[in-house]
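Subject: Structure handover

Dear colleague,

Here is the structure I said I would pass on. Please have it open while you read the notes.

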Amino acid sequence: MRVHVVFLAQLKREAGLEMASLEVPEGSTVRDLAAKVEAERGLSLRGCMVAVNETYARPEQVLAAGDEVAFLPPVAGGAPSSAEPPATRCELRNTPLLLAEAESFLVQPQYGAQAYFVGTVRSPNRGKVVAAIDYEAYGPMAVRVMEEAAHQAWERYGELRVLIQHRTGQLRPGEASILIGVASPHRRAALEACDFLIEHLKAHLPIWKYELTEDGAHWVEGHSEHPIL
């Protein structure tokens, strides 16, 4: 059977391509596919997470024909209920993130509180002058992770309106890379939901950073809270 393999961040550069189609035996697992990719492409996938059809997967998951399997280096930086989800705007974009746009979405008569978080490129970082950072995302999955995070926040903190935006491409110090906004009828829920989203996305959002400093360029070390190979 044939499956489609997606390479992201440094793996894409090491493999020299973004996607490949491979033949594997029926009943093959994610781990079996990883071993085949390592042998044929000369890559090391040790420590990588895996997503099957844009959902995090375990190494022992059995694959089906046509599956899209993405190998994800550690990122830098439950199923929804049947209840009505929060009003959300979740997106990746290559244009500046603006608080004025967030306010136009979040400020509504029924919400008495809005909380915002804006993350910007920092320099110096770890004692090194940063010229720029290239942000690379697994696009479809990143948006899904944002939407699932917004739903989790809604389940925890009640009625909310949520905006999550993340930049891609090259950003310079001082430019905003992420914007999170939460509107709620009450102050405490807005503040706590915003904090929850910051911490959740930092651990789960499939986005990587390639940092350009005075000493050269390198991938920013990431971490994972999901099963790895």
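The notes below go through the sheet and its helices, then a strand pair, then the salt bridges.

Please keep in mind throughout that this is a predicted model.

The sheet

Four strands make up an open sheet with mixed pairing, in the order S6-S9-S11-S7. S6 and S7 are the edge strands, each pairing on one side only. From one strand to the next the twist averages 5°. S6 and S9 run parallel and are joined by 7 bridges. Within that pairing, Leu 92 has His 166 in S9 as its bridge partner.

Two helices belong with this sheet. Helix H4, residues 139-157, lies across S6 and S9 and runs at about 155° to S6. Helix H5, residues 187-204, packs on the sheet and touches S7, S9 and S11. The direction of H5 makes about 145° with that of S11.

Helix H3

Helix H3 covers residues 99-106, and its buried residues are Ala 102, Phe 105 and Leu 106. They lie on the same side of H3 because the arc they cover around the axis is only 90°. An α-helix has 3.6 residues a turn, so residues three or four places apart point the same way. What do the buried residues of H3 pack against? Their partners are strands S6 (87-93), S7 (113-120), S9 (161-167) and S11 (176-184), the strands that form the open sheet described above. On the face of H3 turned away from its buried side are the exposed residues Ala 100 and Ser 104.

Strands S1 and S2

Strand S1 (residues 2-7) and S2 run antiparallel, with 5 bridges between them. Val 3 has Leu 22 as its bridge partner in S2. S2 itself spans residues 19-23 and has two faces: Ala 20 and Leu 22 are on the covered one, while Met 19, Ser 21 and Glu 23 are on the uncovered one. In a regular strand the side chains alternate between the two faces of the sheet.

Salt bridges

How many salt bridges does a search of the whole structure find? The search gives 9.

One of them also ties S1 and S2 together. Glu 23 forms a salt bridge with Arg 2, and their closest N and O atoms are 3.1 Å apart. This pair links distant parts of the chain, with Glu 23 in strand S2 and Arg 2 in strand S1, 21 residues apart. Glu 23 counts as partly exposed, at 43% relative accessibility, and Arg 2 is also partly exposed, with a relative accessible area of 39%.

Arg 58 forms a salt bridge with Glu 60, where the closest N and O atoms are 2.9 Å apart. Arg 58 is partly exposed at 48% relative accessible area, as is Glu 60 at 46%.

Arg 93 forms a salt bridge with Glu 91, the closest N and O atoms being 3.6 Å apart. Is Arg 93 buried or exposed? Arg 93 counts as buried because its relative accessibility is 16%, and buried means under 20%.

Finally, Lys 12, Arg 13 and Glu 136 are linked in a network of salt bridges.

Regards

Definitions and conventions. Residues are numbered from 1 along each chain as its sequence is written. This is a predicted model: local features need pLDDT of at least 70, side-chain atom pairs count only at pLDDT 80 or more; totals for chains, interfaces and linings use all residues. Side-chain values use heavy atoms; hydrogens and water are left out. Buried means under 20% relative accessible area, exposed over 50%, partly exposed in between (1.4 Å probe, protein chains only). Two strands pair if DSSP finds at least two bridges between them. The arc is that of the directions from the helix axis to the C-beta atoms. Contact means heavy atoms within 4.5 Å. A salt bridge is a side-chain nitrogen of Lys or Arg within 4 Å of a carboxyl oxygen of Asp or Glu. Axes are lines fitted to C-alpha atoms, for helices over the stretch in contact, and angles run from 0 to 180 degrees between N-to-C directions.
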